[in-house]
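Biologist: I would like to learn how to read a few features of a structure. Please give the idea, then the case.

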Amino acid sequence: MIRNMMKRLGLLRTSVSFQLTLNYGLLVILTTLVLVVFIYFQFMSAFHAQRYRQIELSSQRLVAVFEGGGRADLIRVIEHTLSDRIDSDREVYLLVDEQGNRLAGNLDSVPVSFMSYQNIFEASIVEDGKVAKGHVKMILLTDGSVLFVGHDTREIDAISSLIANSVLVALFAALLLIAVGAAIFRRELEYRVSTVRRTTEKIGAGQLSQRIPLSGVEDEFTHLNRDINTMLDRIEALMNGVRHVSDTIAHNLRTPLMRVMSSLRRIQQPGRSLGEVQVATQLAVDEIENLNVLFGKLLQITEMEAGVKRQAFRPCRLDAIVRDVTEMYEAYAEDKGLQLTLDIPASIFVRADPDLTASALANLLDNAMKYAATSVGISVLGSESGQVRLVVQDDGPGVPPDELSHLGTRFHRLNSSYPGHGLGLSSVLAIVRLHEGSLHFSDAEPGLKATICLPQDNAAFEPATFRDSR
């Protein structure tokens with residue numbers, strides 16, 4: 001049992017919560033002690049000042065009696081004062097003649113260690129054979145006699161002792177309460193933290209779907225747990241994305257590399273003609289160039305997600321960029337028999353990279369023209385919230401509702417019959433996030449509507465357009 005108690009004390013000593021509570025409690029006690037000492041000295045100073053005033057008043061009264069009626073009246077007043085039982089057990093009086101003989105009073109002898117005439121001093125007094133301490137004033141009268149007036153310090157000593165004992169008891173009780181409170185606080189904190197520890201242990205073991213349960217109380221731990229859960233959601237999404245990207249890259253690398261290897265092994269066989277060698281070589285070159293484009297797009301997306309291109313931002317006219325990109329696609333639209341419609345204001349400003357913004361719009365246009373039946377519409381809309389909306393809409397077959405959330409995922413392709421790597425919309429999403437905007441897909445009934453939201457920048461000067469930056 002003793003070993004268990006020592007172990008628990010060791011755990012308490014190393015507990016951060018226990019140490020914080022204990023240190024805070026000790027700081028409170030120290031502050032309280034300083035305040036108590038200050039109040040004590042102020043109280044004792046006021047008590048002494050009151051006692052000195054009483055001695056001064058008694059001295060003046062007795063001196064006035066002596067001056068009015070002589071030594072006999074003074075003796076009579078002293079005896080009467082001691083017999084009235086009003087503070088007589090604490091008052092000190094002594095009248096001695098020129099030879100030091102006691103004439104009246106309740107002291108057995110002259111106070112020891114007196115300092116000087118007319119000053120109140122602390123001295124040892126003997127009253128009824130008992131030695132005590134008191135505050136005394138010595139007055140030399142005109143007939144040569146000496147008058148001592150004062151109070152003993154028993155009352156002050158009793159009050160001082162009472163205060164000291166009370167402080168010690170309160171200090172012990174406070175230390176005990178701090179120790180108990182620190183243990184309770186440590187237990188409560190350990191209980192609240194234990195849920196986080198258990199969840200992190202499971203996550204560390206590979207269970208990324210684990211989340212910290214939230215309590216019904218909106219306290220600091222609930223906010224912290226909610227933030228941690230949000231972080232875990234993001235980490236799980238990133239891990240799933242990395243796993244998906246890794247699997248997809250491996251698949252996209254393996255297929256063309258197998259085609260290259262198969263083609264090269266065929267031409268290694270004896271009897272192959274020069275034409276077959278050239279065809280196989282060209283196939284290998286095309287596949288390698290295709291892989292080079294794939295890695296280039298992945299590198300571009302990675303750079304944009306890391307914010308490498310952010311330093312190229314400047315105020316630019318979004319309407320001018322839209323017109324420039326649309327003109328580039330007009331011939332392609334005519335060849336496909338599609339109609340391009342524009343609905344944009346005279347001028348609208350955004351702070352962006354013109355090349356990246358044009359690239360994002362070109363990707364959306366290219367994707368819309370792939371699936372459009374008769375037309376593709378482009379519009380730019382402002383809003384009161386300071387956001388600019390760039391909308392690209394087609395009238396094609398659209399996207400199933402359960403697939404809308406997957407648009408923008410790397411290597412995700414709805415129709416594998418179309419050429420590409422499934423990185424176009426991923427590139428658009430990375431560009432939009434780099435511009436601190438958002439990308440949304442919705443059903444246009446029929447077709448697909450892609451909406452880019454960008455922060456508006458009301459620049460006071462004429463910025464560069466997409467054509468100026470090329």
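Biologist: Is Cys 316 buried or exposed?

Modeller: Buried means under 20% relative accessible area, exposed over 50%, and partly exposed in between (1.4 Å probe, protein chains only). Cys 316 has a relative accessible area of 0%, so Cys 316 is buried. Cys 453 has 13%, so Cys 453 is buried too.

Biologist: What should I know about the source?

Modeller: This is a predicted model: local features need pLDDT of at least 70, side-chain atom pairs count only at pLDDT 80 or more, and totals for chains, interfaces and linings use all residues. Residues are numbered from 1 along each chain as its sequence is written, and side-chain values use heavy atoms, with hydrogens and water left out.

Biologist: How many disulfides are there?

Modeller: A disulfide is a covalent bond between the sulfur atoms of two cysteines. The rule asks for a pair of cysteine sulfur atoms within 2.5 Å. The count here is zero.

Biologist: What span should helix H6 have, end to end?

Modeller: Helices (H or I, at least four residues) and strands (E, at least two) are DSSP runs, numbered from the N terminus. The expected span of a helix is 1.5 Å times one less than its number of residues. H6 covers residues 318-336, 19 residues, so it should span 27 Å. Its end C-alpha atoms are 26 Å apart, which agrees.

Biologist: Where does H6 bend?

Modeller: The bend at a residue is the angle between axes fitted to the seven residues ending there and the seven starting there. H6 bends by about 40° at Tyr 329. Tyr 329 is also one of the buried residues of H6. Others among them are Leu 318, Asp 319, Asp 324 and Ala 333. Just after H6, Gly 337 takes a positive phi of about 70°.

Biologist: How many salt bridges does the search find?

Modeller: Side chains of opposite charge can pair when their charged atoms come close. The cut-off: a side-chain nitrogen of Lys or Arg within 4 Å of a carboxyl oxygen of Asp or Glu. The whole structure gives seven salt bridges.

Biologist: Which parts of the chain does the pair Glu 56 and Lys 137 link?

Modeller: Their side chains meet at 2.7 Å, N to O. Glu 56 is in helix H2 (residues 16-83) and Lys 137 in strand E4 (residues 130-140), distant parts of the chain, 81 residues apart. Lys 137 has 7% relative accessibility, so it counts as buried. Glu 56, at 26%, is partly exposed.

Biologist: What about Arg 71 and Asp 143?

Modeller: They meet in a salt bridge at 3.0 Å, N to O. Arg 71 is in helix H2, and Asp 143 is in the loop between E4 and strand E5 (146-152), 72 residues apart. Arg 71 is partly exposed at 25%, and Asp 143 is partly exposed at 26%.

Biologist: Which residues are linked in a network of salt bridges?

Modeller: Arg 71, Glu 98 and Asp 143.

Biologist: Where do Arg 211 and Asp 233 lie?

Modeller: Their side chains form a salt bridge at 2.6 Å, N to O. Arg 211 is in the loop between helix H3 (154-204) and helix H4 (220-268), and Asp 233 is in helix H4, 22 residues apart. Arg 211 is partly exposed at 22%. Asp 233 is partly exposed at 41%.

Biologist: Where is the place of Tyr 371?

Modeller: Tyr 371 is in helix H7 (residues 354-371). Its relative accessibility is 25%, so Tyr 371 counts as partly exposed.
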